[in-house]
Amino acid sequence: MSAIAAYRALLRIVGPAYILVAFLGRIPLAMSQLGVLVLVSSKLDSYGAGGAAAGILAVSNAIGSPLAGALADRIGQRPVVLVQSLVGAAGLASVVLVTDPDASRALIFAVAGITGFAMPQVGPLARVRWRPITRDEGDQRRLVDAAFSYEGAADEASFVLGPAMIGILAILAEPAGALLAAAAILAVFGSWFAIHWTSELVSKRSTTGGVGSEPLWSVAFAVLVVAQLCIGAIFGSVQTGTAVLARADGHAGSAGLIHAVLGIGSVTAGLAITALPERILYATRMLVAAVGLLLLSAPLLLVDSIGSLVLVIALLGFAVAPYMISNFALAGILVPVHRVGTAMTLLAGATGIGYALGASVAGRLADEGGHTPAFAVTVGAAGVAVLLAGVANKALREARPYVA
C-alpha cells in the first residue's frame, strides 16, 4: 500500500470531520503557553511574571497529562477528555478574569497551574485510537504507520499555528481575547473529540486475566521518555536562541515566524515518512533521525544572521518529526495495550518538561554569551538523543527484536 493510499484509507475509515476535530482540539494547548505569557506580561508589565505563569502552566500540564492518560486507560477516554476540555476551557477564561495589576501574583500562578493540569493532550490520546480504529482493516501496519506519521505532522502544525493565532488575535482582540478564543475552541472541539464515536474503541479496558499486572516501565520505554525530554530541550533552546538572535538583529518580532520554519520542515517530513518500506524498523528510524538531529543542528553554532538561521532551522525540521514519530510508535508497541494512553501522555509530558529545561538553560547561557551558547544546548541535546537511540536499539534487540 502506498503512502497516499494509506492516507486515503484512514480518511475513509474515520471521515474528514474526525481529522478536523482532532486537529483543532489540540490547538488550544499550543495557544495556551504563549497566550498566558503575553496576557500576564502585558497586564502586569513584567516579562518575569508572564514567563513564570506560562512555565507553571506548562509544567503542570506535563504532570497532569500522564495522570489523565492513566485514568483514561482505566475508565475510557470519553469522560476524562470531556471533563478536561470543559475544566481547561474554564481555566483559560479564569486566567483572563484574575489577571489584573492589582491581583495577587500567587492567585494568577495558581489559576495557571490548575489550568495546565486540567488541559487535555489531544494529540497523544488520538494516537491511542488508531490501532483499534484500523484493527479490522487490511495491512494494519502500513495504516498505523501512516496514522502516526500524520499525528506527528499534526502536532508540529498545531505548535506552529497555535502561537501564530495568539499573535494575530492579540492584535485584533487584545491578549485577553486571544486566550478566550483558545478557551472557546477547547470547549467545542475538545468536547467533540471526547464524544466522537472513535472514543468508544478505547473505552474501559479489561484488566482481568492477568494483563493488569503487566508493567508499564522497561529499560526501552524509560529511554523513550528521556528521548522525548531531549526533543523538548531542542525545541526550547532553539526558540530561545532564535529570540536572542532576532532581537540582536533588530527584528525581535520575527522570532515566532522564524521558529515556525522548524515546524514546516517537520510537518513535511512527518507526512512523508510513511512512504518508508516496512523493513526499516522503528528503532532504526529513531537512530537515523537522531543522527540527523545532531548533524543538522551543529551548524547552529556558526549562524550569525537571520538568513543563515532560517536555512539551518528549515533543514533541522526534517529530522524532528521522524524522531518523534518513531518514539511514539515504539511506545505503542512496547507497553501493554491497556496502558498505551498513559505511555503516550508520559512522552508528551516529558516533551513539555524538556522544553522548559531547554529554554531555561539556554536563556541563562544567552544572558552571558548571546545566541551561540543557547544553540549549544540544542546541539548537546541532539548528541544525547543519539546516545539514547543507541541504547534503545540495544535494549530493543534484547527485548523485542522485531522492532529493532
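**Salt bridges, cores and surface of the predicted model**

Asp145 and Arg285 are both buried, where buried means under 20% relative accessible area, exposed over 50%, and partly exposed in between (1.4 Å probe, protein chains only). The structure is a predicted model, in which local features need pLDDT of at least 70 and side-chain atom pairs count only at pLDDT 80 or more, while totals for chains, interfaces and linings use all residues. Residues are numbered from 1 along each chain as its sequence is written, and side-chain values use heavy atoms, with hydrogens and water left out.

The side chains of Asp145 and Arg285 form a salt bridge, with an N to O distance of 3.8 Å. This pair links distant parts of the chain, since Asp145 lies in helix α7 and Arg285 in helix α10, 140 residues apart. A salt bridge is defined as a side-chain nitrogen of Lys or Arg within 4 Å of a carboxyl oxygen of Asp or Glu. Helices are DSSP runs (H or I, at least four residues), as are strands (E, at least two), and the numbering starts from the N terminus. By the salt-bridge rule, the count comes to five.

Another salt bridge joins Arg127 to Asp155, whose closest N and O atoms are 2.8 Å apart. Through shared partners, salt bridges connect Arg26, Arg127, Glu151 and Asp155 into one network. Glu200 pairs with Arg78 in a further salt bridge, at 3.7 Å between the closest N and O atoms. Glu200 is in the loop between α7 and α8, Arg78 is in helix α4 (residues 77–98), and the two are 122 residues apart. Arg78 counts as partly exposed because its relative accessibility is 30%.

The largest nonpolar core has 62 residues, of which Phe221, Leu293 and Tyr323 touch the most other members. Such a core is a set of buried Ala, Val, Leu, Ile, Met, Phe, Trp, Tyr and Cys residues joined through side-chain atoms within 4.5 Å. Helix α11 gives the most to this core, with 16 residues. Beyond its neighbours within four places in sequence, Tyr323 is in contact (heavy atoms within 4.5 Å) with Ala227, Ile231, Met286, Ala289, Ala290, Leu293 and Ala385. A separate core of 50 residues includes Tyr18, Leu29, Leu125 and Ile133.

Ser237 is located in helix α8 and is buried, with a relative accessible area of 0%. Its side chain makes a polar contact of 2.7 Å with that of Thr378. A polar contact is a pair of N or O atoms within 3.5 Å; within protein, one must be able to donate a hydrogen and the other to accept it, and residues adjacent in sequence count only if both atoms are side-chain atoms. Residues up to four places away in sequence aside, Ser237 touches Gly358, Ala359, Ala362, Ala374, Phe375, Val377 and Thr378.

Glu174, in helix α7, has a positive phi of about 70° although it is not a glycine. Glu174 is exposed, at 53% relative accessibility.

Phe117 lies in helix α5 (residues 105–118) and is partly exposed, with a relative accessible area of 41%.
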